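Please examine the sequence and the structure shown below.

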2 protein chains.
Amino acid sequence: MPDYSGLRINRQRLWESIMSMAEIGPGEAGGSRRLALTDEDKQGRDLFIKWCTEEDCKITIDDMGNIFARRNGKDNKLPPICSGSHLDTQPHGGKFDGIFGVLSALEVIRTLNENNIETNAPLEIVNWTNEEGSRFAPAMIASGVFAGLFEKKHAYSITDSEGLSLEQELNRIHYMGTEICGDHPMGALLEAHIEQGPILEREHDQVGIVIGGQGQRWFDVNLMGQDSHAGSTPMAGRRDALVAAAALIQLVQEIALSKAPFGVGTVGEMKVVPSSRNTIPGEVFLTVEFRHPDDSILLTMANEFIQFCEHTSSKTDVKIKPVEIWHNPPVRFDEMCIDAVDRAAQSLGYKNQKMISGAGHDAIQVSRKVPSAMIFVPCEAGLSHNESENAKPEDLEAGCNVLLHAMLDLAKNHE
Amino acid sequence: MPDYSGLRINRQRLWESIMSMAEIGPGEAGGSRRLALTDEDKQGRDLFIKWCTEEDCKITIDDMGNIFARRNGKDNKLPPICSGSHLDTQPHGGKFDGIFGVLSALEVIRTLNENNIETNAPLEIVNWTNEEGSRFAPAMIASGVFAGLFEKKHAYSITDSEGLSLEQELNRIHYMGTEICGDHPMGALLEAHIEQGPILEREHDQVGIVIGGQGQRWFDVNLMGQDSHAGSTPMAGRRDALVAAAALIQLVQEIALSKAPFGVGTVGEMKVVPSSRNTIPGEVFLTVEFRHPDDSILLTMANEFIQFCEHTSSKTDVKIKPVEIWHNPPVRFDEMCIDAVDRAAQSLGYKNQKMISGAGHDAIQVSRKVPSAMIFVPCEAGLSHNESENAKPEDLEAGCNVLLHAMLDLAKNHE
């Protein structure tokens, strides 16, 4: 068995590819705007395919527009070891979210090509359609169809704000492939991504070995009190829905803090009615979400919250009605894939930690069907979905080197 | 001196007048819609003048559209003892707010006329223009101009949502009078009104002897944190503006409770940015108001609030900027007027209490210039500015009888 332990990707080439991709659909503040299935997305896809073809990869496109670029191995009956992410962006997106994942997989292939290294299993680069969900909601729709989480018919029917359907737009930009989405063989999937959170940067780690995704429970909550005059209604006897909402916001905070560091809880959306300066608010609508990597702890968090709502409703004149609208169980990534990433990070000597993904990703969807794991790298101040999103070339390099060695490992080219 | 102690108003006649007025600009749910200076307001004014003329009153209209209906006394060099309120309503207004005050004054005149009682000083009924402020903001604009609190030129320039000015509309409905607003002589002003709060009903009192109005301090408050991803941002290090806002809402509640029963504090308006289910809110705008009848206690309340904002801004990563946009000092009504109302309520044997007006009223504006006081009667559940607003005929009768005897008293017709 040859020793590839000294092999490294090319930091400069990786960085330049990311910067070149960012020029397509440039943002106004240094980021990018390549909404899914727009002309800009098509240009990004075309450039990606051009680069892959230059590396002698064979392109397959499925009927959700997902692109697979294959580099054959010695034993092409083996399912390919895949890596990738997405090239579409938020309306005011950054240069790295998704793009780093696709282009780090390309950089792995380039590195193997220039070193004439043949892997045992074939390798593939993947670009998933419409990860962001900004144009066609929900997010991660194509990896979701691939994993069997959504019906393709439903995905096709989703329309953007102008009424154009995903199916129409796939056809319009000529990315409606012939392979049936979900049929593509896949031995494993690794996804490299910026963290989109502050943990790695804060703890001075270069690499996150992502062992799974948080479970989520989402609630819609209505609080019903009574509007009344802010001047002539004494404090005693008020039915102030906003005061009740304030207690609820603090409760969500306390529940999450009690399950730190993995538990989080957020009131994100809120509407106050009538929202008049001198009227006691009679109604409040708000959303609550809890996340935790352990489903039983997540349930405990949700139950504490529901009990508080019931208790307040029975004890006071403000009625609180929480409705759970979504339960997304936690994902635990595949041990073989986690181990491959872990071994690569350790052997390369990068300061690292095992962590949970707070956000959703294509690999989390696909992990329900294919052995998967993820590699995180720090991003500046944890900022993402923002044109100011930034990452250091040396951190991207580290993540890409981990990806290289983890892929070699999974492709049975043990070092 | 004749003994008028047995004199009483006519409950049925008062009630029927209120019900007749409510038929002009009928609401959809049992209330009224007579926005200031609309055709409906004109019809209401015309009916009022018709009724006053039938009682031999002499009508004067000033150049803010305020109407004065005079019943001469023995000594017409004395300034008139006045009573009234407003006939305009909220868009979804009730039948009693304002109307009871105008028509109870009319009922006093009718009662005196049918009993051939001549007062020493002349009496007058007043209808103030645009008390509600729903069409032309702010509220109580015409009584404010009368009292010298607003410039007439400014009042004229105020436009409604369609761009029509108050001056235009006064001319259009032919209620631009020739007398200069503020010049009308006035010896005293009493205003009867529904309480628009729950205190009298809760404490089973029929009459409130209003000794003054609360002072108010209003704030605009901006809270600035940082938007971030609700999944990938751990609890530690979040800059959640909504969690800070929740603490602030509870503080306002605590400050007000510590100054109960007279102190009140309310967060009425609130806006959360970006208000997205899975984004930690980075910005919140909210309004805070404090009210108290004692200006020094009101200042203490405001200072506690400002100190909390400063403390939080310096201690945490959420910056809170409160801006005081209005300070309206408390009003203490005239002792002579309060005593006249008090004596009337006691001698008539109505269960009563001295109280502070939580809401603003024309008499509170005018009290800065003319000796004034108010009489409150209970309204159902304290509900007002709502078509369901309701009051009992016997309570309106009680308030009107108190008004009758207090006016006789002030007109130097001592019983």
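The paragraphs below treat the pairing of the chains, the salt bridges, the backbone and a surface patch.

The model is predicted: local features need pLDDT of at least 70, side-chain atom pairs count only at pLDDT 80 or more, and totals for chains, interfaces and linings use all residues. Residues are numbered from 1 along each chain as its sequence is written, chains are lettered from A and ligands numbered from 1 in the order in which they are written, and side-chain values use heavy atoms, with hydrogens and water left out.

Chain A is superposed on chain B by a rotation of 180° with a shift of 0.1 Å along the axis, at an RMSD of 0.2 Å. The two copies are therefore related as by a two-fold rotation axis. Such copies are superposed by least squares on the C-alpha atoms of residues with pLDDT of at least 70 in both. Within chain A, the residue closest to the rotation axis is A:Ala246, whose C-alpha lies at 2.2 Å.

Chain A contributes 53 residues to the contact and chain B contributes 53 residues, where contact means heavy atoms within 4.5 Å. Because 100% of the interface residues of chain A are also interface residues in chain B, the copies meet through the same surface. Between them the chains bury about 4300 Å², 59% of it on carbon and sulfur atoms; buried area is the accessible area (1.4 Å probe) that two parts lose on being put together, summed over both.

Side chains of opposite charge can pair when their charged atoms come close. A salt bridge is here a side-chain nitrogen of Lys or Arg within 4 Å of a carboxyl oxygen of Asp or Glu. There are 2 salt bridges between chain A and chain B. B:Arg277 forms a salt bridge with A:Asp220, with the closest N and O atoms 2.7 Å apart.

Over all chains, the whole structure holds 40 salt bridges. Among them is the pair of A:Lys152 and A:Asp63, with 2.6 Å between the closest N and O atoms. A:Lys152 lies in helix 5 (residues 152-157) of chain A and A:Asp63 in the loop between strand 1 (58-61) and strand 2 (67-71), so this pair ties together parts that are 89 residues apart in sequence. Helices (H or I, at least four residues) and strands (E, at least two) are DSSP runs, numbered from the N terminus. A:Asp63 is buried at 9% relative accessibility, whereas A:Lys152 is partly exposed at 24%; buried means under 20% relative accessible area, exposed over 50%, and partly exposed in between (1.4 Å probe, protein chains only). A network of salt bridges links A:Asp39, A:Arg135, A:Asp160, A:Glu169 and A:Arg172.

The peptide bond from B:Ala137 to B:Pro138 is cis, with omega near 0°, and B:Pro138 is placed in the loop between strand 4 (123-127) and helix 4 (141-146) of chain B. A:Gln196 has a positive phi, near 60°, although this residue is not a glycine. A:Gln196 is buried, with a relative accessible area of 4%.

On the surface, A:Val323, A:Ile325 and A:Trp326 form a nonpolar patch with about 260 Å² of accessible area together. Patches are made of residues with over 30% relative accessible area and no salt bridge, like charges being joined within 9 Å and nonpolar side chains (Val, Leu, Ile, Met, Phe, Trp, Tyr) within 5 Å. A:Val323 belongs to strand 12 (residues 319-328) of chain A.

Terms used
Areas by Shrake-Rupley, 256 points an atom, 1.4 Å probe, with all protein chains shown as cover.
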